[in-house]
Amino acid sequence: MRRVLQILLVMVWPIALAAEPVRIDHVWGSTTVPEPPKRIVSLSFTGIDNWLSLGLSPIAYRVWYGGDAAGLWPWAQPLLQPVAGLDNGLALRGEIDLEQIARLKPDLIEAMYSGISYAQYTALSRVAPVLPPPPETSDFGASWQQMIATFGAATGKTAQAVKVTKDTQNRLNAIRNAHPQWQGKTAVVVWPDGPLIYGPQDARVRLLHSLGFVLPPAAKRFARGGFYFALDRELTEPLDADVLIWLDLGGGVGAAARHPLRQTMRAVREGREIVTDPTLSAALSYATPPSINYALDRLVPLLEQALDGDPTTAVDGSAEAGLSR
Amino acid sequence: MTRITVLYVTLAGLLLGLAFALLVVGQGELHPFSVPLDRTILLHFRAPRVALALVTGAGLGMAGTAVQTLLRNPLASPDIIGFSAGAAAGAALVIVVSGTGVWAGAGAVLGGSVTAALVLALAWRGGIAPLPLVLIGVSLSLLLAAATDVLLSLAPDLQASEVTRFLSGSFAGAEWHRVGWMGAITIIGGVFLAWHTFAVDRLGMGDDMARALGLGPDGVRIRVVAVSAVMVSVSVAVAGPIPFVAFLSGPLARQLSKQSGTVLLLSGGIGAALALGAEALSGMLIFGAHLPAGVFTALIGGPAMLGILFLNTRQQ
Amino acid sequence: MIGARSGIGLAEFQVWLAGTAPDDAASIVLGEMRLPRTVTALLAGGALGLGGALIQGLSRNPLADPGLLGINAGAAFAMVATVWWLGPMAPALLLFPALCGAALAALTVSSIATLSTSPVTLILAGAALTALLSAALRGLILLDPYALEVYRHWAVGAVDRADVATLQTAALVALAGVVLSLTVARWLDVLALGADMAQSLGAGVGRIRLVGLTAVALLCTAAVMVAGPIAFVGLLAPHMARLTGAGGMLSQMLRAALFGGGLLLIADILGRVIVPGVAIEAGLGVTVIGGPFLIWLVRRQAEGLT
């Protein structure tokens, strides 16, 4: 419901306003962007994806982790284009460096998902308008919908922002409607070394939820609404799901293959295991329109293979990752 | 010139030189009188960081050496007997619960002070003996570190790495009013500790020695420990827990000067030098990224300590 | 016998002992999970307790902990550096670098500490190296989020990681440490009478230190191998041993080893049953039990400890 309201709000925003100063409310008050910015510095960890999805290339962007030499993952690489007259695409890593940012002479500093401190916000505001997290959210409480809508408002691209949000939402709904058999099925996302089970607040679990999946009751009980919890290795009940997703963050899933109780798990016996390789895992973690698109391209076929009800169907990637049945 | 004079002159030169270099050398030329952006960079970006590093380092160095001497154990510095851990746990609690680092400073001061009060209260058995106080402090420190770990696991990945970043200690968030707070605390605390140096040094030799001179051991201990705890807590509030400055400054000062006792001023100077040196390194790009100053205090102080120990033992 | 999974009782225990149903879930849990866990807890706890008593005796500092030699920090740093250098890899493969890091750190501190006769040198050298390594570690972690992920889970010591092969290797390492410790125990008693006395009885301070530190390094490395960095056991167990009576160094060290093993085992068992289903690692459990316990112990003994 809130999401619909947000989209409506963005839609009624008059496009004519774009040429005039735009006031954007945020967690520490409000920031005025005097005119559509050209030199954008994006400090959000997922900022580059969201800017690129609006067709805008920041002059500098923050790298979260991994990706290619420029810190871009496959879903963002083709979107970053050189802009004439603009030396764009500088990758920023590590701590926020105030002086480096100031010397880039930005006309907008976007930091909605960056962990920026109030002191850094006031210091950077001396250089250019700064966009900290939206009102009443925590440091990393901004959703991609909020970020896209705010980016659109700040740059006068509200129509584009609405379209990106709608397209992604429509695709999620379409997949959900095309798979009525998934509704109410249980799915659990696990990091094998631990094992850690991700809870209802996690971005990956939320994405699965929007496709119609729910957490297994035992996992839901232990997670207590949090982000993740470490499961006692003796227990397999929370892993007893219609689809069991092992997250490979780059270290392989050897711990899943070596789990002593592996043969007693239902998902293993019934061929309902999925391994998400490091790139797919990252796409699920980034949770931005381009990364969600990429993730859906690859995850949906895997979910179909795992949930076809036939234990003999191989799920792509599982055998390669060392999971045997 | 005596050894100690040479030391003071060298240290003062080092501090001035480093501070000047940090203000002048940066990512490009600076014309603060003609270009407004450059003036902002100098006055609001660089200068507060240098000043904060100086006052924080000096405060930590003095608080550390006073507590170590008082409790007669080089391991008994405020960052090991729980004050830093308490301040860090308080800050981490605030960050994880509120989801933002804005109130972390208040959490740090509260956490550090409560921990110090708790250590003193638990150690009180009709008086305060050094060893029980230290052991209780270490226990609480480890407990609080464990609590911070648990707090970290309750946060989402990015929030957790943000807490990790805060827990590394950094002068990056410096602004003038923080410098004012820390500067005031360092000066008031430093004067207080200097006033107590005589008593602390006598207590460092033993309670009987102090009593013979008419000093009440418990009163001195409570006052000095409490003041040091406040200094450390405020430093965590303004810069995060800058590690090992409180712990290394005193022993470095004693090994370098070959004196015993508090060597308060020298320890403060060495603390400031460690912090400033770390700040200089954090301004450099290391594998394409800036690392917080807290990473470097021990990278400078650790080898320095090992080297001095090696040289001093060779001379024996 | 106690664990999170219900439905494992005496009957299942007998079935497992008899070996009649090796593929049964209960037998797997008992044989491949609870047995190694128990052995790990006893081995790591015992090694740390013994190592703690030894290092407190060597440094004559009741605050000393085997972690003080920089061994935990060395192992952690080597592990994270390997991940950073070679990229993500399975945590099980990181055992070897951890071992090398621990050994190198121990060697560095020992070589500086044996140069001097002053106990303060040992403490300062150990603490300085620990500080140095843990700072380098933090730097790498901030550079590489995957390394942070690996480290975060390793840094809280746990007893459910080691497989049988690792346990066997670690047991051999620990055994070597035990043999050396027993040799040193007698010398330490002599040393307590004074360095000159010890010298005249043929036990040079330098030699005692060298052998003693090697023993501590071996013991601590064995514990790190199987359980990661476990705080507190090495500090607390010797104090418990002292509480239960004076006696010579030898008997104190043996008692410290027993207390250490028992402490870790209890912490592990409690960690499994306090919040059902959610694993609370033994490293955390030890701190939660050990912290208040040490405070209580110190308060009780406050008059005696000055």
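Predicted model: local features only at pLDDT ≥ 70, side-chain atom pairs only at ≥ 80, totals over all residues.
1. The crossing of helix 3 and helix 4 in chain C is right-handed. Helix 3 of chain C spans residues 71-86 and helix 4 of chain C spans residues 95-113; their axes lie 7 Å apart, at an angle of about 140°. That angle makes helix 3 of chain C oblique to helix 4 of chain C, because an angle counts as roughly antiparallel when it is over 145 degrees.

2. The residues that make this contact can be named. Helix 3 of chain C contributes I71(C), A73(C), G74(C), A75(C), F77(C), A78(C), M79(C) and T82(C). From helix 4 of chain C come P97(C), A98(C), C100(C), G101(C), A102(C), L104(C), A105(C) and A106(C). Sorted by class, the contact of helix 3 with helix 4 in chain C holds 13 nonpolar and three polar residues, and no charged residues.

3. Helix 2 (residues 36-70) of chain B packs with helix 11 of chain B at an angle of about 140°, and their axes are 7 Å apart. Helix 2 of chain B is therefore oblique to helix 11 of chain B. The crossing of these two helices of chain B is right-handed. Their contact includes 13 nonpolar, eight polar and two charged residues.

4. Is V263(B) buried or exposed? V263(B) has 26 C-beta neighbours inside 10 Å and so counts as buried, since the cut-off for a buried residue is 20 or more.

5. A287(A) is located in the loop between helix 11 (278-286) and helix 12 (289-306) of chain A. With 18 other C-beta atoms within 10 Å, A287(A) is partly exposed; this follows because 20 or more would be needed for a buried residue and 12 or fewer for an exposed one.

6. In chain B, A147(B) is found in helix 5 (residues 130-153). A147(B) counts as buried because it has 20 C-beta neighbours inside 10 Å. Along the chain, A147(B) and D208(B) are 61 residues apart, and their C-alpha atoms are separated by 39 Å.

7. Chain A contains an open sheet of five strands, arranged in the order 5-4-3-6-7, with parallel pairing. Which strands stand at the edges? They are strand 5 (90-92) and strand 7 (130-131) of chain A; each has a single partner strand, so one side of each is left without a neighbour in the sheet. Strand 4 (residues 60-62) of chain A is joined to strand 5 of chain A by three bridges, and the two run parallel. Within this pair, A60(A) stands opposite L90(A) of strand 5.

8. Two other strand pairs of chain A may be set side by side. Strand 1 (residues 22-26) and strand 2 (residues 29-33) of chain A pair in the antiparallel sense over five bridges, and a hairpin of two residues joins them. D25(A) stands opposite S30(A) of strand 2. By contrast, strand 11 (residues 243-247) and strand 12 of chain A run parallel, joined by four bridges. Here L247(A) stands opposite T276(A) of strand 12.

9. Strand 12 of chain A covers residues 273-276. E273(A) and V275(A) point one way from this strand, while I274(A) and T276(A) point the other way, and all of these residues are buried.

10. The last point concerns the contact between chain C and chain B. How many residues does each chain give? Chain C gives 39 residues and chain B gives 41 residues. On the side of chain C that touches chain B, the elements giving two or more residues are helix 5 (119-143), helix 6 (145-155) and helix 12 (282-301) of chain C. Helix 5 of chain C supplies the largest share of that side, 17 residues. By class, the side of chain C that touches chain B has 30 nonpolar, seven polar and two charged residues.

Key:
Residues numbered from 1 in each chain as written. Chains lettered and ligands numbered in written order. Pairing = 2+ DSSP bridges. Axes fitted to C-alpha atoms, helices over the stretch in contact; angles between N-to-C directions. Parallel < 35°, antiparallel > 145°, perpendicular 65-115°, else oblique. Left-handed = near helix turned anticlockwise from the far one by under 90°. Contact = placed C-beta atoms within 7 Å. Nonpolar A, V, L, I, M, F, W, Y, C, P; charged D, E, K, R; others polar.
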